[in-house]
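Hi,

Here is the structure I promised to pass on. Have a look at it first, and then read on for what I found.

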Amino acid sequence: MIKIATLLALVACLTIIGCQPPEGMAGPTQEEFDALKAQVETLQADVEAMNMAMDSFVEEYNKHVEKYHKGGTVVPKTPTTGGVKPPTQK
Amino acid sequence: MNRLLGITLALSALLILVGCEGEEALETPNVTYEVTDNGATLVLDWDAVPDVDGYYIYADDVLIDSTTALTYDATVPAMVYGVSAYLGEDESAADEVDCTPVETANITVYGNSDPDPAHPSGIGFMADGSCVTLALSEPTNHPDIDFYFDDANFANLTIVSPGDHVPPYNDEENATAASGTDYAALEIAAALGNYITQRTVNNNAVLSFWIDPDADGWNNVTDHFGKIKVVSVSGATAPFTAVLNVAYQPIPGLRWVVTQ
């Protein structure tokens, strides 16, 4: 009887150990996810700042061309299309 | 004898004057309203008019009901609802609630891939309900944008909420719903649950729209509804151009869009 109980306990232990996900396969933790989210948001802000800097630079360049190089080629205005987040149903 | 004749004439004149005096006109009810039922019902209320038999209810000048109550749930969409008081055959003037949408015709908009700064891709509704086009390239327009037309991020021209843009033009969560192709026949904008913040704009389609500036679901204070007729969409590939007719319901939260 004791042997059977011991064997069952052993099987249960092995099953529990065997069912554990391998190291690194349990998916990101909440902390890792938050860190990643913060990184993405920082990158989005950086891209927006770069866009604004580029627009400002192009504007300055065009002003310069129009003032000192009459007839020179200015950078054509391009539409700022940006991106789109997933739609919301309501 | 002369004296008797004088008195008789004076009495007769007095009786004629009293007899000819017009009857006092019935007081007009003072109607107020509240939008309920997620925008489907207009609840009319008014103060009691003294000494009357009841009240007549008119929808677009057609008598549709009578009541002795001081409230009426208007569930059939109309352009104008009216309430008058009646006493026997006499009837007061009607106090009216104007629910007529403000229409703007032949609005031309361009997909945002169009590089021409004179080709606006945004639309916005002014305080009077009229619809204007707005250039996305002008940052001062961004708070006023209610929808913009995107063909840079989509294969087809798509009407998009300004809050869906990255970065957002503003915080509004406006949306549209498919509503067939018959603009005049659409009398009430689509029920809640059928709207989405991005929708392909197809030639000849009719869309219901919902302006939700607070992005907080339906309310009868800041939300507005209306309908859009896509008269045409031109261009085989982007940039696309669309011509729209738009009707905007000025009463907050009301989904009625009767235009004829």
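**Around B:Val257**

Leaving aside residues up to four places away in sequence, B:Val257 touches B:Pro101, B:Leu186, B:Glu187, B:Ile188, B:Ala189, B:Phe225, B:Gly226, B:Lys227, B:Ala247 and B:Gln249. Please keep in mind that this is a predicted model.

B:Val257 also stands out in the largest nonpolar core, which has 57 residues: together with B:Phe149 and B:Ala242, B:Val257 touches the most other members. At least three residues of this core come from domain 1 (22-98) of chain B, and at least three from domain 2 (102-248). As background, nonpolar side chains in soluble globular proteins tend to be buried together.

**A sheet in chain B**

Chain B has an open sheet of five strands, which run in the order 11-10-12-13-16 with antiparallel pairing. Which strands stand at its edges? They are strand 11 (131-134) and strand 16 (198-200); each has a single partner strand, so one side of each is left without a neighbour in the sheet. From one strand to the next, the twist averages 25°.

The partner of strand 16 of chain B is strand 13 (residues 158-160) of chain B, and these two pair in the antiparallel sense over three bridges. One residue pair to look at here is B:Ile159 with its bridge partner B:Arg199 in strand 16 of chain B.

Chain A has two helices and one strand, following the pattern α-α-β along the sequence. Of its 90 residues, 1% count as buried.

How many residues of chain A are in contact with chain B? There are 15, and they meet 22 residues of chain B. The side of chain A that touches chain B is made up of four nonpolar, seven polar and four charged residues.

The two chains also share strand pairing: strand 1 (residues 83-84) of chain A and strand 14 (residues 165-166) of chain B pair in the antiparallel sense over two bridges. There, A:Val84 stands opposite B:His165 of strand 14 of chain B.

**One loop residue**

Finally, have a look at B:Asp51, in the loop between strand 2 (41-46) and strand 3 (54-59) of chain B. Is B:Asp51 buried or exposed? B:Asp51 counts as exposed because 10 other C-beta atoms lie within 10 Å, and the cut-off for exposed is 12 or fewer. B:Ser66 is 15 residues away from B:Asp51 along the chain, and their C-alpha atoms are separated by 16 Å.

Best wishes

Notes. Residues numbered from 1 in each chain as written. Chains lettered and ligands numbered in written order. Predicted model: local features only at pLDDT ≥ 70, side-chain atom pairs only at ≥ 80, totals over all residues. Helix = DSSP H or I, 4+ residues; strand = E, 2+ residues; numbered from the N terminus. Buried ≥ 20, exposed ≤ 12 C-beta atoms within 10 Å, placed from the backbone. Contact = placed C-beta atoms within 7 Å. Nonpolar A, V, L, I, M, F, W, Y, C, P; charged D, E, K, R; others polar. Pairing = 2+ DSSP bridges. Core = buried A, V, L, I, M, F, W, Y, C linked by C-beta atoms within 7 Å. Domains from an automatic or database assignment. Axes fitted to C-alpha atoms, helices over the stretch in contact; angles between N-to-C directions.
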